[in-house]
Amino acid sequence: MMDGAMEDPGRRALFRGAFRASEKTATGWHMVTSLAAGSGDVFWDGWADEAGVFVVGDDGVIFHYDGADWTRQAAPAPVPIHALWGRSRDDLWAVGWMGQILHHDGQNWRHMQGCEVDGAGKYASSPANTPLFAITGGEDGRAWAVGDRGTILHYDGATWQPEVSGTRAHLRAITALPDGRLLAAGGDGTVLIRDADAGWAVQPCALHSNFTAALTLPDGSVLLAGGRYFVDAGGFRGDLALWTADGVTKLFEGAAFSRFRALAACNRGVVAVGDAGQIHVIRDGRITRVDSGIAHDILGIVTLPSGEALAMGDFGTVLAGEAGALEHFTPYVAAEAETPRWEAAESGTDRQLWGLWHDRDGGALYACGEEGTVLIQDRGQWAALPPVGNLGIHALNRAPDGTLLAAGQMGEIHAFDGARWRKAFDLHMDVTILSLWSDGATLIAAGDEGLVLQKTPDAPDWVRMASGTKSALYGLWGPDDRHLLAVGDFGLVQRWNGTLWDAFNAGTEYFLFDVWGRGLDDIFVVGLSGTIGHFDGQRWTITPARARADLLAVTGDADQVVAVGAAGTVYRHDGQRWAPEASGTPLGLRAVSTAPGGGFVAAGDQGSLLARRE
C-alpha cells in the first residue's frame, strides 16, 4: 500500500533495543482440516479480505473460503501460481510460472499474459514466459511483478510492460515504501530501489543472501528474509536483514534458522515462515520459534482481517494462528450490489485534507489540509477561508475568545479573527501538531515526538507538557480537562488525569491513529491494518472489524460510530456490530466528523469530501 500515513521513520522502528533470539517455543498453530487438499498440493500464497480467503499453488490450484466452505476455482492454465496482490477481490492479480498473469474481477479468473505456446503446442522459450514470483501495487491500481533474470513488469492501469532493472539476478520479492518508492530483492543479496523519476537502481548489500521475502515496516524500513546454501551444512541456512536508507544490516547474528520463505505482519508481531516447518514471531527486538506441528516447508503467509494469520506450504498444508481464525468471515456480497451511503461534495480544492472540526457552538463545520488549506461549510456548500501560509494544517478548534485556531506543521498555531490569520504560537521545531482539544477554556495540542502543549485561562501562552513518550500522538479526546487520552505507536495510549500523563497499552501492537468516546466507559480507538479497539470502563477489547486498510479516524454520536481510512474504507458500528459501508471512492479518507443537523462527513485525499446519507 502506497500511503503517506507514516512520518519521521527514525522513531518508529519495529526492532527496538538489541536483537535477541529466544530458545523458547511459543504456542503452536492449528491445521485447517476443512480444506480438501491432497498430499500432492503445494500452496505458495494467499490473499484475504473481510469476506474470505484465496489460497493458490502448483498446477494452477486456487481455493477460496467464503466463510462457510472451501471451494476450488477454475484456473486458465495448470501452472504454479506463486503470488497474489490486489486492492479488492474485484481487482485481484495473480502471477506465476511461465510468466502467467491472471486477473480476478470478483467472479472469474481471466488469463492476461504469459504461458505462450509455440507451433508444437509447448510453452515457448520467450521473455513473455519468464517465471514471476512476487507482486505488489498501490491504491491507484498500478502494480509491479518480479521474476527470473531481473524481470520486472509494470501495470500502468491498462497493460503490463517490462522495466529495466539493471540486474540479471533472480528477483523473488517486491514491496512498496511509504514514500511511493519500491524495493525489490532477490538472489545473491540483490536489492533494488525504484525511484519514480530515475527508475531502478541497485543498492549496496554486503549480505549475499538469496532474498525471498520483503516486508515494509511501519517506520519505512524493510525486513528482508531468505537464505544461503552451505556445503558444510548440506543445505540452506536462513537470513533476516533490515534495509534502511543507511544500507542492509543482518539481524539476529549467531542464531540458526532454516531458509525463510515469507513474511507477514499480524497481531502477534511479524511472522517469518520457511523450510522444515519453521515459524518465528519477531516482536520487541526478540525472535521466538513457534511450534508449527509439521516438518515440511511453509512457503507463504497471509494476514487475516481478524489480525491472525494463515500459513501455507507443501503437502496441502494450511495452518491458522489460532483455532478460530476462520470464524470471523461473513459471506461475500458483491460491491456492485451495494449502494453507497456516502455522497461526494465539491470541495473546490485538490489538496489533501487531514482534519475536520464540528463547531457545535457556532453550528459550522470546517476542514483543513495541505498548503494552509482551511474550508468552511456554509449553507450546504464548501468555501475556502484565506490560506494559513503554505504549511500543512492538521487540526482546528476554537480559542476561548472565539477566534478560530489552526495547528499543524513546524509546531505553529494560527488564529483567525474573521478576516486574516496571525501566528499565535511557534514551537520553532520541525514537529507537527496533529490534534487539538478544547473544553471552551483549556486547550490541549498533541503531535509528533510525544508533543503535548497546554494553554489554560490564566496562562498568557502555550506551555509544553511532559508527556512521558517520544511516540507520535496522532489523536486526542477527552470529556474534560482532567480526563484526556492521546493515542500513538504500537498500541500506546497516554492518559492525562489533570496532573500528569501516564502510559498504557490498548491490547495491540498496531499503531493507533485516533480516539473518540461517549464517556469514560465507552471509548473507541482505530489504527493500522483495520485495528479497532473498545474500552468499556473495565478493559480494552480489540475487535476484528474485517478491514484490511488502515483506519485513520473515528467519531460518533449517541447511536452509532463511524471509522474511515485508506482506500475509501468506511466502517460503521450500529451499537451491536461493525459493518463495512461503500463510500463510493477509492481515495484515502483521513478525517471524519459529525455534521451540523446530523449525519457524518469524511475528508481525505485530493480534496475529497463525503457526506453520509441517513
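Reader: Why is Pro580 called partly exposed?

Author: Buried means under 20% relative accessible area, exposed means over 50%, and partly exposed is what falls in between (1.4 Å probe, protein chains only). Pro580 has a relative accessible area of 39%, so it counts as partly exposed. You'll find Pro580 in strand β54, residues 578-581; strands are DSSP runs of E, at least two residues long, numbered from the N terminus.

Reader: What should I know about the model itself?

Author: It's a predicted model, so local features need pLDDT of at least 70 and side-chain atom pairs count only at pLDDT 80 or more, while totals for chains, interfaces and linings use all residues. Residues are numbered from 1 along each chain as its sequence is written, and side-chain values use heavy atoms, with hydrogens and water left out.

Reader: What makes His414 count as buried?

Author: His414 has 11% relative accessibility, so it counts as buried. His414 is part of strand β37 (residues 412-416). Leaving out residues up to four places away in sequence, His414 touches Val388, Leu404, Leu405, Ala406, Trp421, Arg422, Lys423 and Ala424; touching, or contact, means heavy atoms within 4.5 Å.

Reader: Which side chain makes a polar contact with the side chain of His414?

Author: That's Glu412, at 2.9 Å. A polar contact is a pair of N or O atoms within 3.5 Å; within protein, one must be able to donate a hydrogen and the other to accept it, and residues adjacent in sequence count only if both atoms are side-chain atoms. The 2.9 Å between His414 and Glu412 is therefore within the cut-off of 3.5 Å.

Reader: Why is the aromatic pair of Phe535 and Trp540 called tilted?

Author: Rings of Phe, Tyr and Trp (its six-membered ring) pair if their centres lie within 6.5 Å; planes under 30 degrees apart are stacked, over 60 edge-to-face, and the rest tilted. Phe535 and Trp540 are 5.2 Å centre to centre with 35° between the planes, so they pair, and the pair is tilted. Phe535 is buried because its relative accessibility is 17%. Trp540, with a relative accessible area of 18%, is also buried.

Reader: Which residues form one aromatic cluster?

Author: Trp47, Phe54 and Trp109 do. Over the whole model, the rule gives 18 aromatic pairs.

Reader: How do you know that the charged end of Arg172 sits over the ring of Phe133?

Author: A charge sits over a ring if NZ of Lys or CZ of Arg is within 6 Å of the ring centre and within 35 degrees of the ring normal. The charged end of Arg172 is 3.7 Å from the centre of the Phe133 ring. Arg237 lies over the face of Phe230, at 4.6 Å from the ring centre.

Reader: In what sense do strands β21 and β22 pair?

Author: Two strands pair if DSSP finds at least two bridges between them. Strand β21 (residues 235-244) and strand β22 (residues 247-250) have four bridges, in the antiparallel sense, so they pair. A hairpin of two residues joins β21 to β22.
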